Amino acid sequence: MAHAYQAVGWNPQKKKYDGALLLGVALYLAVFIGSGLAVQPDITAETLVIRGFGSAALLLLHVVLCIGPLARLDRRFLPLLYNRRHMGVTMFFLAFVHGAFSLVQFHAFGDRNPIESLFLSNTNYASLAEFPFQPLGAAALAILFLMAATSHDFWLANLTPPVWKALHMLVYVAYALVVAHVSLGALQAETSPLLIGLMSLGMIAVFGLHWTAGAREVEGDREIDEPPPGTAFVRVATVEEIPDNRAKVVCVGGERVAIYHYDGKISAVSSVCQHQNGPLGEGRIIDGCITCPWHGYQYNPESGSSPPPFDEKVPTFKVQVAEGFVFIDPLPNPPGTPVPPALTGE
Amino acid sequence: MIARLRRRHRGLIAVLAVLTPVVFVAAVTARRPPARQDLPEELTSRAAWVRELTAAEGGPDVLVYWSTTAAVTDSLPEDAQLVLEGELPARAEFVHLFSVAHGELIRSLPADEVR
């Protein structure tokens, strides 16, 4: 939580996650370089590094982009989301090595400044087959750098989660630039359909998963009807349909509300975690606190406040239970406002 | 709170889900594997013996030189000249294969072996 900043708040899960990540990257590079040398014994070390790190970064970018929708579609993928930031920074590092070696290999031995050469040595923008694909990769790398540099919770808290999220949505622009970079660059000389097929599968996976997860969310975001005249409360669920220590998410006033059922009580808070705007309503009650499924941020269900010494707060909602039905007031209380829970009479 | 951000997210995905495959398909369709006729004249007109020699010894960065003196180090002799269009002058005594990428002499052989 955001009580104090550390470079990395290590815990056993993060260490395991990062260990598996680094092992996977090392294995991929070893296999790539080994098979590259077996197939083309005369290939230079620089070319192997450029291809190996570039393809590793491309693969990891697909994984990073697929984790979000996969976790929304199936909770078993949630552990992958937990430390996705380190995966993103690793992916930037791999892309950076690819870019740095390419810059030296293709632009550093002429009489022009390498950066100037990168952008001006080919200006054939009218031709698809000879399109200057390297500036596209450089633009993607610049976006990935911006994201890696602001990935820490310090920036998340200071930029505010909505601004930080908006900034990090640029990863989709970076992905489009990378696809253009690869298809206008490396694939131009590729005669085998294998790489083209793999790249197509990657795009189908990224956009297909986002589309499916988005469609499911749109379905869940159907607005609850306006409250009947003369009352501020709207009926949102039955007590029975909310599992114990879990929540039902409803959409009122254009925003998602998590209605939690715990210890014979019902409380309602905003479903948006203050950390990374994670889905609080998809979490559960642990040690008496609502626990975000993304990174474990916790909130008291009755006040929407994180337990001391942490200071995150989410808006709360007035709630009533009558004849087995749950009603909430769609007007949110200011973040951290205590609201007495409704008793279910269980 | 973040409903607007969610809408923007969906909009961005929808636009890129259309644009990215279009760029990809256009780029793949425009592919043009390098053809021999695209190579510079001095390379395409190389004689068969030069092509065979360079292919056997390494690849496209290998150039063929001739000289009247033998190479005594791993560098080209001072009087070495590039073999252009497969023409080997009568006074050529030695032929040298030089790797431009590695900046070193790969092999020297008597000119009579390739005549």
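**Notebook: strands, domains and the chain contact**

I began with one residue pair in chain A: Val249(A) stands opposite Ala258(A) in β3(A). I note at the outset that this is a predicted model.

**Entry 1. The strands around β3 of chain A**

I looked up the two strands to which this pair belongs. Strand β2 (residues 246–252) of chain A and β3(A) are antiparallel partners, with 7 bridges between them. I then examined the turn. The two strands form a hairpin with 2 residues between them, and Gly253(A) in that turn has a positive phi of about 60°.

Next I followed β3(A) to its pairing with strand β4 (residues 265–270) of chain A. This pairing is also listed as antiparallel, over 6 bridges. Within it, I found that Tyr260(A) has Ser267(A) in β4(A) as its bridge partner. The hairpin of β3(A) and β4(A) has 2 residues between the strands, and here Asp263(A) takes a positive phi near 45°.

Is strand β3 (residues 255–262) of chain A mostly covered or mostly open? I found it mostly covered, with 7 of its 8 residues buried. I recorded a general point beside this: in a regular strand the side chains alternate between the two faces of the sheet.

**Entry 2. Further strands of chain A**

I turned to the open sheet made of 3 strands in the order β5-β6-β7 of chain A, with antiparallel pairing. Ile286(A) stands opposite Cys289(A) in β6(A).

I also looked up strand β9 (residues 319–322) and strand β10 (residues 325–328) of chain A, which run antiparallel and are joined by 4 bridges. Val321(A) stands opposite Val326(A) in β10(A). In their hairpin, which has 2 residues between the strands, Glu323(A) takes a positive phi near 50°.

**Entry 3. Chain A as a whole**

I then stepped back to the whole chain. Chain A has 10 helices and 11 strands, and its C-alpha trace spans about 80 × 40 × 35 Å along its principal axes. Of its 346 residues, 34% are buried. Among the contacts in chain A with a separation of 6 or more, 55% join residues 24 or more positions apart.

The chain is divided into domain 1 (12–220) and domain 2 (234–343). I noted a distance of 37 Å between the C-alpha centres of these two domains of chain A.

**Entry 4. Chain B and its contact with chain A**

I next looked up where the two chains touch. In this contact, 25 residues of chain B meet 29 residues of chain A. The chain B side consists of 18 nonpolar, 4 polar and 3 charged residues.

I checked the length of helix α1 (residues 3–29) of chain B. Its 27 residues, at 1.5 Å a residue, should span 39 Å, and the end C-alpha atoms are 39 Å apart, so the two values agree. The buried residues in α1(B) are Arg6(B), Leu16(B), Thr20(B), Phe24(B) and Ala27(B). Against what do the buried residues of α1(B) pack? Their partners are α9 (170–184) and α10 (193–220) of chain A.

**Entry 5. The sheet of chain B**

Last, I traced the open sheet of 4 strands in chain B, ordered β2-β1-β3-β4 with antiparallel pairing. The edges are β2 (81–82) and β4 (104–110) of chain B; each has a single partner strand, so one side of each has no neighbour in the sheet. Strand β1 (residues 62–67) and strand β3 (residues 94–99) of chain B pair over 6 bridges, in the antiparallel sense. Tyr65(B) stands opposite His96(B) in β3(B). Helix α3 (residues 48–56) of chain B packs on this sheet and touches β1 and β3 of chain B. I recorded an angle of about 120° between the directions of this helix and β1(B).

Note on methods:
Residues are numbered from 1 along each chain as its sequence is written. Chains are lettered from A and ligands numbered from 1 in the order in which they are written. This is a predicted model: local features need pLDDT of at least 70, side-chain atom pairs count only at pLDDT 80 or more; totals for chains, interfaces and linings use all residues. Two residues are in contact if their C-beta atoms, placed from the backbone, lie within 7 Å. Ala, Val, Leu, Ile, Met, Phe, Trp, Tyr, Cys and Pro count as nonpolar, Asp, Glu, Lys and Arg as charged, and the others, Gly among them, as polar. Two strands pair if DSSP finds at least two bridges between them. Axes are lines fitted to C-alpha atoms, for helices over the stretch in contact, and angles run from 0 to 180 degrees between N-to-C directions. Domain bounds come from an automatic or database domain assignment. The expected span of a helix is 1.5 Å times one less than its number of residues. A residue is buried if 20 or more other C-beta atoms lie within 10 Å of its own, exposed if 12 or fewer, and partly exposed in between; C-beta atoms are placed from the backbone.
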